[in-house]
Amino acid sequence: MSIHIGAEPGQIAPTVLLPGDPLRARFIAETFLEDAVCFNEVRGMLGYTGRFEGKPVSVMGTGMGMPSHSIYVHELIAEYGAKTLIRVGTCGALQPDLQIGDVIVAQAASTDSQINRRHFGGLDYAPAASFDLLRRAHDAALARSDRVRVGGILSSDTFYDEDRDWWRVWAAAGILAVEMETSALYTLAARHRVDALALLSVSDNLTNAQEATAEQREKGFPMMAEIALSIAPAD
Ligand code: HPA
């Protein structure tokens with residue numbers, strides 16, 4: 001057991017998929033994994049280990065935002081030996097040509113959070129994806145959809161901002177979308193020398209106020225899980 005994860009040593013696979021929502025972790029385990037066993041219920045942050053096409057894979061919720069995400073990612077790496085961490089989540093698009101359901105492969109994650117500056121003595125680290133995972137995810141995504149983009153995203157500390165135009169400065173710099181976790185994931189992975197990637201499905205677009213319907217959410221999410229599972233290493 002670690003402080004926030006109730007698994008025994010060896011119960012978590014080297015590859016872990018990380019949705020924010022623990023119920024999505026259960027959905028992925030029930031839909032895609034063979035012989036899935038639940039290894040965590042602490043704080044309702046469900047985690048499962050099973051097999052996908054013979055490969056051992058775990059999937060665990062992380063909650064929303066970088067503090068919650070970092071706690072789980074840190075313990076998965078430092079206490080359970082996770083080597084490949086793939087976030088599967090949603091994002092708000094910051095470019096008008098992005099449509100609901102588009103897949104974004106996050107190449108780099110800018111942030112408005114102070115967490116990294118605190119760690120790096122006030123300086124700006126540039127959190128980036130594992131190139132190998134990124135390349136393979138891009139190929140796997142293109143095999144399933146022609147609506148795939150690779151580029152920079154923003155990991156923000158806030159979902160609700162009093163300034164309605166806050167995102168424009170990021171959009172002007174080409175940032176594709178906003179979410180709330182990936183910058184912390186990429187930084188922790190780099191510091192621990194493991195591989196990380198975030199695959200994001202566009203659930204809303206801040207430039208035109210479009211939002212996913214319940215049906216679009218249901219369709220988009222399984223495809224990301226499939227892409228992530230298809231690039232999981234064999235062991
Ligand atoms: N902001 C932050 N995170 C998000 C958003 C958003 O608009 N949409 C999906 N995740």
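**View 1. R168 and its salt-bridge partner D165.** At 47% relative accessibility, R168 is partly exposed (between 20% and 50% relative accessible area; under 20% would be buried and over 50% exposed, with a 1.4 Å probe and protein chains only). Its side chain meets that of D165 in a salt bridge, 3.0 Å from N to O (a side-chain nitrogen of Lys or Arg within 4 Å of a carboxyl oxygen of Asp or Glu). D165 is partly exposed too, at 41%. A word on the model: it is predicted, so local features need pLDDT of at least 70 and side-chain atom pairs count only at pLDDT 80 or more, while totals for chains, interfaces and linings use all residues. Residues are numbered from 1 along each chain as its sequence is written, and side-chain values use heavy atoms, leaving out hydrogens and water.

**View 2. R149 and D97 joined by a salt bridge.** Here the N to O distance is 2.9 Å. The pair links distant parts of the chain, 52 residues apart: R149 lies in strand β7 (residues 148–155), and D97 in the loop between β5 (84–93) and β6 (103–111). Helices (H or I, at least four residues) and strands (E, at least two) are DSSP runs, numbered from the N terminus. R149 is partly exposed at 29%, and so is D97 at 43%.

**View 3. E226 and R144 joined by a salt bridge.** The closest N and O atoms are 3.3 Å apart. E226 sits in helix α7 (residues 214–230), whereas R144 is in the loop between α4 (131–142) and β7, 82 residues apart. E226 is partly exposed at 30%, as is R144 at 36%.

**View 4. A salt-bridge network.** R87, E179 and E181 are linked in this network. The whole structure holds nine salt bridges.
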